[in-house]
Amino acid sequence: MDTFIEGLPKVELHLHIEGSLEPELMFALAQRNKIDIPFKSVDEVRKAYDFSNLQDFLDIYYQGMNVLQTEQDFYDLTWAYLDRVAKQNVMHVEIFFDPQGHTERGVAFETVLDGITRALDDGRKKLGVSSFLIMCFLRHLSEDAAFETLKSAIPYKHRILGVGLDSSEKGHPPSKFKNVFAEAKKEGFLIMAHAGEEGPPEYVWEALDMLKVDRIDHGNRSLEDEKLVARLVKDGTALTVCPLSNLKLCVVKDMKDHPLKKMLNLGLKATINSDDPAYFGGYMNENFKAVTDGLNLDKSDLLTISRNSIHASFLDKAAKDVLLGKLDTYMKKAA
Ligand code: HPA
Ligand code: ZN
């Protein structure tokens, strides 16, 4: 099964580029930028990655970002991710970035955007990995701050396809950002939101009805509400599920309890993604393997998941058809 997973053509729809900052690169950038970090070794960093909830992780995640200063830093970060997933047969990625995590520290919006997009362009040319970029608002900050960030993004609409919502979920419902998402939609951005990771099903309803999302990130707790499940199934709304993230942040106690198989059985468009691979113990293949082991998934489950990801991506029909064709060819060879 491991070999099958490694060769399987994959699409990643839920990846925070800042969450792909490996400890080795964190040290290298700290040195390059002469920034102090509170760790003596790579080992010590990895030991600190022991989280009991989302906030525990976020505290370390925002601290890690401090080493990212220059356009080249953002290039190196993004290139390292693309180079790694290209080797895992990831064909297309839709990646999040957190501009406010940088502008709040005095790094210009353009510095961040230029470094990431230059690497995405190189990824397309040199690795054959296609990509879209999605900007997230930090939900622990105000809606006014999100409006400021949206304003910064308007001149770069051709480089940013969508707008998402991440960071501390509990106490920061999607409704808090109703106006800024309405404005983003008017400007032509696609819309998504993290909802139902730690927050209740009501947050998923709000994401659907108030923010008018095109996709739900995580969505695990939707399963607590039958009517919500029916709505998601009827609309064919995709969930970008992140198994190792769920395990590391104690959203599930054990991979054997992961709701992915149940989601598929209910007819939900669930996908597999890595979220913050440097912090949660793995990229796409590791996520596929961990959840396949935990839930005894078979090849047809994995085919369904890969198909769901292609359909849930923001690629146009022609590009989706190319990827579906690659998947078909692979399945025929693997049969
Ligand atoms: N949830 C919310 N915010 C985040 C996450 C996540 O899993 N990763 C990075 N920011
Ligand atoms: Zn996430």
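With which residue does Arg 124 form a salt bridge? Select Arg 124 together with Asp 121: these two residues form the salt bridge, and their closest N and O atoms are 2.7 Å apart. The model on display is a predicted one.

**First stop: helix H7**

Keep Arg 124 and Asp 121 selected and display helix H7, which spans residues 109-127. The two residues are separated by about one helical turn, because they stand three residues apart in this helix. Arg 124 has a relative accessible area of 37% and is partly exposed. Asp 121 is likewise partly exposed, with a relative accessible area of 35%.

**Second stop: helices H10 and H11**

Next, select Asp 209 and Arg 231. A salt bridge joins them, with the closest N and O atoms 2.9 Å apart. Asp 209 belongs to helix H10 (residues 201-209) and Arg 231 to helix H11 (residues 226-235), so this pair ties together parts that lie 22 residues apart in sequence. At 37% relative accessibility, Asp 209 counts as partly exposed; Arg 231, with a relative accessible area of 21%, is also partly exposed.

Now select Lys 87 and Asp 83, another salt bridge, whose closest N and O atoms are 3.1 Å apart. Lys 87 counts as exposed at 63% relative accessibility, whereas Asp 83, at 27%, counts as partly exposed. Then select Glu 22, Glu 24, Arg 46 and Arg 84, which are linked in a network of salt bridges. The count of salt bridges in the model comes to 22.

Display helix H2 (residues 23-32) with helix H5 (residues 71-86); they pack at an angle of about 170°, and their axes are 12 Å apart. An angle over 145 degrees counts as roughly antiparallel, and H2 and H5 are therefore roughly antiparallel to each other. The crossing of H2 past H5 is right-handed. To view the contact, select Leu 25, Leu 29 and Arg 32 on H2, then Gln 72, Asp 73, Asp 76 and Leu 77 on H5. The residues of this contact comprise three nonpolar, one polar and three charged.

**Last stop: His 16**

Finally, select His 16, in strand S1 (residues 10-16). Is His 16 buried or exposed? His 16 counts as buried, because its relative accessibility is 4%, and the cut-off for buried is under 20%. Beyond its neighbours up to four places away in sequence, His 16 touches Tyr 61, Phe 96, Asp 98, Asp 166, His 194, Asp 275 and Asp 276.

Methods
Residues numbered from 1 in each chain as written. Chains lettered and ligands numbered in written order. Predicted model: local features only at pLDDT ≥ 70, side-chain atom pairs only at ≥ 80, totals over all residues. Heavy atoms only, no water. Helix = DSSP H or I, 4+ residues; strand = E, 2+ residues; numbered from the N terminus. Buried < 20%, exposed > 50% of the residue type's maximum accessible area, 1.4 Å probe, protein only. Contact = heavy atoms within 4.5 Å. Axes fitted to C-alpha atoms, helices over the stretch in contact; angles between N-to-C directions. Parallel < 35°, antiparallel > 145°, perpendicular 65-115°, else oblique. Left-handed = near helix turned anticlockwise from the far one by under 90°. Nonpolar A, V, L, I, M, F, W, Y, C, P; charged D, E, K, R; others polar. Salt bridge = Lys/Arg side-chain N within 4 Å of Asp/Glu carboxyl O.
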